[in-house]
Amino acid sequence: ARWPSPRRSHAASGEAEGFLATAATTTTGAPIFPEPWLPGMESQFYPTECPAWALCPKTKDWDGTILHATAGIGGMNGVSSTFARAKANQSPSLGVDFQVTSADRFALWSIDHKAMHLARNERGRQVELVADQTHAAMERLMLRQASTIHGGVGQAVGRIAAGGIAGSTITLEDPQTAKNFEEGDVIYLSANDGNTSTDTLLVGAGFTVVTIDPDAGTVLMSAGIVATFAAAAAGNYLFIDGDFQAGCAGYESWNPLVVPAASFFGVVRNTGNITRKAGIRKDVSATVGAVNKIRKALTAASAAGSKFTHMFVDPEFYSLLDGELGNNVRYVDKPAISADGGETTIGFTGIKFTQHGGAPVEIYPDAYAPLNVARGVNYGPAGFRWVSAGDFPMWLTPDGKPIMHSLEGTNAMEGRAGGYGNYVTKRPLDMGRFKLA
């Protein structure tokens, strides 16, 4: 399913065209676009720097408060070379029921009413004013959404490096996480990553991001770090206001480095068959060479019975892997998957890695993948996927139409978009976390 072609205008169907410039409440207005989304916004929905999100299967059939995902943790026992014994020992397969709840994601943006009104006779300019802000809002919304696939429900956006506190400046443990911040973001700290329900935020009023230096991996805040959070220390995690423990259950939630004692969507995973409830994890850092590290990881997966279709690594490791393979490299091109499960016009190139005796695995570089971690995942029918309640993203209006509302108490028009859903899998076994260095 490619990007929809423009339909007839609202004027042709008897509806008001443009938006209602004299709107007096937050519930009145008219569509400014004949389509829910602007042409060209597909690239915002599936950022090219995050194939993990773009290639992830997606459905929009979430219905109800809870989404049940039953994962098998044990096979049935009625198999034998002797019929009598097979009948005597027969039993149903064992499973656990993950009762997944939805995570929310919102993007709100505003446009000055005066600017819109002055452009009332210039339809193209009026649309451009809205388009610019809508594009910007959708880009931030979907970059945040894309990055959550690698993380957990805690939704940390960075971590303070050793010796990383100097006055009002924070040095990030992973410099590439600087891309998670924007000037004006309000930030809070925690001693933990927030993925465990018992984690809490540090006591403090929060501070605002003033400037970001991606090259140095530093973020300048509006106030002193220790002056704002007395308990601030190296190793603390950073959270954008409103995100703490309210995120999506990404890879790190379903396949954590350390399986917590606390239940996860109603399932206790740190006892019994842990691998079938929380995937595999292995340190392959002592193995020499990028190719050999991947081989070691896939060998461990095969031994555990895990089946991967994809692996995602940071761009630096991908370059090493690509270089080592040299003339033996085989590339694969795949399109991003849309919210209704169809293919889009956005494409990605990865490496097709074949392990002796196993099915090929596609390996992609992802700018939001944590450094020195390879993540194996299965994007097959029962594997890891995104499920939303209707379209994602969608306009947050009663009928889903692209309407801007007057923003009470200001001379501005406001747009609202977002959605509700979460990542889910019925095969946690088919996930793996591998330390590369």
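**Close-up views of cysteines and surface patches**

**View 1. Cysteine 56 and its closest cysteine sulfur.** The sulfur of cysteine 56 lies 9.8 Å from the closest cysteine sulfur, that of cysteine 50, which is too far for a bond. A disulfide is counted when two cysteine sulfur atoms are within 2.5 Å, and by this rule the count is zero disulfides. Cysteine 56 is buried, at 0% relative accessible area, and cysteine 248 is buried as well, at 2%. Buried means under 20% relative accessible area, exposed over 50%, and partly exposed in between (1.4 Å probe, protein chains only).

The model is predicted, with local features needing pLDDT of at least 70 and side-chain atom pairs pLDDT 80 or more, while totals for chains, interfaces and linings use all residues. Residues are numbered from 1 along each chain as its sequence is written, and side-chain values use heavy atoms, without hydrogens and water.

**View 2. A negative surface patch.** Glu49, Glu139, Glu182 and Glu183 form this patch. Patch residues have over 30% relative accessible area and no salt bridge, with like charges joined within 9 Å and nonpolar side chains (Val, Leu, Ile, Met, Phe, Trp, Tyr) within 5 Å. A salt bridge is a side-chain nitrogen of Lys or Arg within 4 Å of a carboxyl oxygen of Asp or Glu. Glutamate 183 sits in the loop between β6 (169-172) and β7 (186-190), and counts as exposed because its relative accessibility is 56%.

**View 3. A nonpolar surface patch.** Phe106, Leu108 and Tyr420 make a patch of about 300 Å². Phenylalanine 106 belongs to strand β4 (residues 103-112); strands are DSSP runs (E, at least two residues), numbered from the N terminus. With 47% relative accessibility, phenylalanine 106 counts as partly exposed.

Note on methods
Accessible areas come from the Shrake-Rupley method with a 1.4 Å probe; for residues, only the protein chains shown count as cover. Lys and Arg count as positive and Asp and Glu as negative; His and the chain ends are not counted. The place of a charge is taken as NZ of Lys, CZ of Arg, CG of Asp or CD of Glu. Helices (H or I, at least four residues) and strands (E, at least two) are DSSP runs, numbered from the N terminus.
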